[in-house]
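These are my notebook entries on one chain. I set down what I looked up, entry by entry.

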Amino acid sequence: MAECIEHPENAPEYEGLKVNKGIPQPEAMNPHIAERLKHIRRRELGVEDYVEGILRGDMNILSQAITLVESAKAEHQTMAQEVIRRCLPSSGRSVRIGITGVPGAGKSTFIESFGKHLTGEGHRIAVLAIDPSSERSKGSILGDKTRMEELSCDPQAYIRPSPSAGSLGGVARKTREAMILCETAGFDIILVETVGVGQSETAVHSMVDFFLLVQIAGAGDELQGIKRGIMEMADSIIINKADGNNIQRAELAKAQLQTALHYFPPHESGVMPKVMTCSAYERRGIGEVWEHVLHYCSETQQNGYFEARRAEQSKYWMYETINEQLRERFYRSQRERLKEAEAQVMRNEVSSFAAAFDLLDRYFEDQN
């Protein structure tokens, strides 16, 4: 009878049916491994542990250190800044390359092909990908390791996606700090992939040595160059997917873009941006892209622009950090007042501008 209750199909009225009791479900994880992980998790790493682990190239500790940098907790941020301070003297020895382009241009495929070419030449590369987050749920797929399946298995490569979480400025600052940690861990080439064409380009441009714009032919924006501002930032433009029936269109787009670049003001670096075609899928033209990056770095190091740009970037991020910290401290300390002011604005009792100025005045009074 107990068996019938557990499996109604075994009741007498269901002739010809028989459901066996089955076996107990095994543990989801090997108990020995679970116990070992428990002990590993219990041990909290200190600043010294992080720095030593990063210096010896321990990928697990590097990942934990980047997670520490991304944490919003005040105690984690204090420790993260100390780790970064200790790592700073060992950083700065890599080539930093920013990669952007319209969604569907094949950025991830290009990065995988480019990355495999670089590791094949003996380089160690770190890919820091800023992944778009949902405006509604704030969730993020973080799918770059899936899209770069071959590169993610390469022992000489490290891929770290970070969610934009609606704050490109904040995540860009953390990406810059993650870059310092990766350089300390021995990666000599850092690739920073943006979420696509939008506001993130300026932030990424301000942390890299070479800014690469990935285009495709036949998208209807060859002459517009997506946006003039992005074309002016680009140190090189590549027309991806130049394969199959698309080769002729890619060559035409290359000629149009190269002509368009001549109408722009001279590049600050003193090196004329170059337009190239490649096929990331077929891995053609990838070597030429790397050769141009090396040529650009060599020219800018000789004319002094390379170091001057890095110095300017350091200044830029000092001011960006001040702005971010002021904003964060204001919102954290004014929660109750913000609710009151918000209610007054929505009831049309006070204007938005008057409420904002009043909140700021009261905040600065509290500081004095």
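**Entry 1. Overall make-up**

I began with the secondary structure and found 16 helices and seven strands in the chain. Helices (H or I, at least four residues) and strands (E, at least two) are DSSP runs, numbered from the N terminus. I note that this is a predicted model, in which local features need pLDDT of at least 70 and side-chain atom pairs count only at pLDDT 80 or more, while totals for chains, interfaces and linings use all residues. Residues are numbered from 1 along each chain as its sequence is written, and side-chain values use heavy atoms, with hydrogens and water left out.

I then looked up burial: 43% of the 368 residues of the chain count as buried. Here buried means under 20% relative accessible area, exposed over 50%, and partly exposed in between (1.4 Å probe, protein chains only). The accessible surface of the chain is about 21,000 Å², and carbon and sulfur atoms hold 53% of that surface. Such areas come from the Shrake-Rupley method with a 1.4 Å probe; for residues, only the protein chains shown count as cover.

**Entry 2. Helix α14 against helix α16**

At what angle do α14 and α16 pack? I found about 95° between helix α14 (residues 305–333) and helix α16 (residues 352–367), with the axes 11 Å apart. The axes are lines fitted to C-alpha atoms, for helices over the stretch in contact, and angles run from 0 to 180 degrees between N-to-C directions. The two helices are therefore roughly perpendicular. I use the following classes: under 35 degrees is roughly parallel, over 145 roughly antiparallel, 65 to 115 roughly perpendicular, and the rest oblique.

From α14, I listed Leu326, Arg329, Phe330 and Ser333, which meet Leu359, Leu360 and Tyr363 of α16. The residues of this contact comprise five nonpolar, one polar and one charged. In this scheme Ala, Val, Leu, Ile, Met, Phe, Trp, Tyr, Cys and Pro are nonpolar, Asp, Glu, Lys and Arg charged, and the others, Gly among them, polar.

**Entry 3. Helix α6 against helix α13**

I next took helix α6 (residues 107–120) and helix α13 (residues 286–303), whose axes come within 10 Å and cross at roughly 75°. That angle makes α6 roughly perpendicular to α13. On the α6 side I recorded Phe110, Ser113, Phe114, His117 and Leu118, and on the α13 side Ile286, Gly287, Val289 and Trp290. The residues of this contact divide into six nonpolar, three polar and no charged.

I also noted Glu299 in α13, which is partly exposed at 33% relative accessible area. Glu299 and Ser269 are 30 residues apart in sequence, and their C-alpha atoms are 8.5 Å apart.

**Entry 4. Salt bridges**

How many salt bridges does the structure hold? I found 15, a salt bridge being a side-chain nitrogen of Lys or Arg within 4 Å of a carboxyl oxygen of Asp or Glu.

Glu48 pairs with Arg86, with the closest N and O atoms 2.7 Å apart. Glu48 lies in helix α3 (residues 47–55) and Arg86 in helix α5 (residues 74–87), so this pair ties together parts 38 residues apart in sequence. Glu48 is partly exposed at 40% relative accessibility, and Arg86 is partly exposed at 31%.

Arg310 and Asp209 meet in a salt bridge at 2.7 Å, N to O. Arg310 is in α14 and Asp209 in the loop between α10 (200–205) and β5 (210–216), so the pair links parts that are 101 residues apart in sequence. Buried or exposed? Arg310 is buried at 11% relative accessible area, and Asp209 is buried at 3%.

Arg332 forms a salt bridge with Glu328, with 3.1 Å between the closest N and O atoms. Both residues lie in α14, four residues apart, about one turn of the helix. Arg332 is partly exposed at 44%, and Glu328 is partly exposed at 34%.

**Entry 5. Single residues**

Gln313 is in α14 and is buried at 4% relative accessibility. Leaving aside neighbours within four places in sequence, I found Gln313 in contact with Arg176, His205, Ser206, Met207 and Val208.

Lys241 has a phi near 60°, a positive value in a residue other than glycine. Lys241 is in the loop between β6 (236–240) and α12 (247–261). Arg283, not a glycine, has a positive phi of about 60° and is in the loop between β7 (274–277) and α13.

Conventions: Contact means heavy atoms within 4.5 Å.
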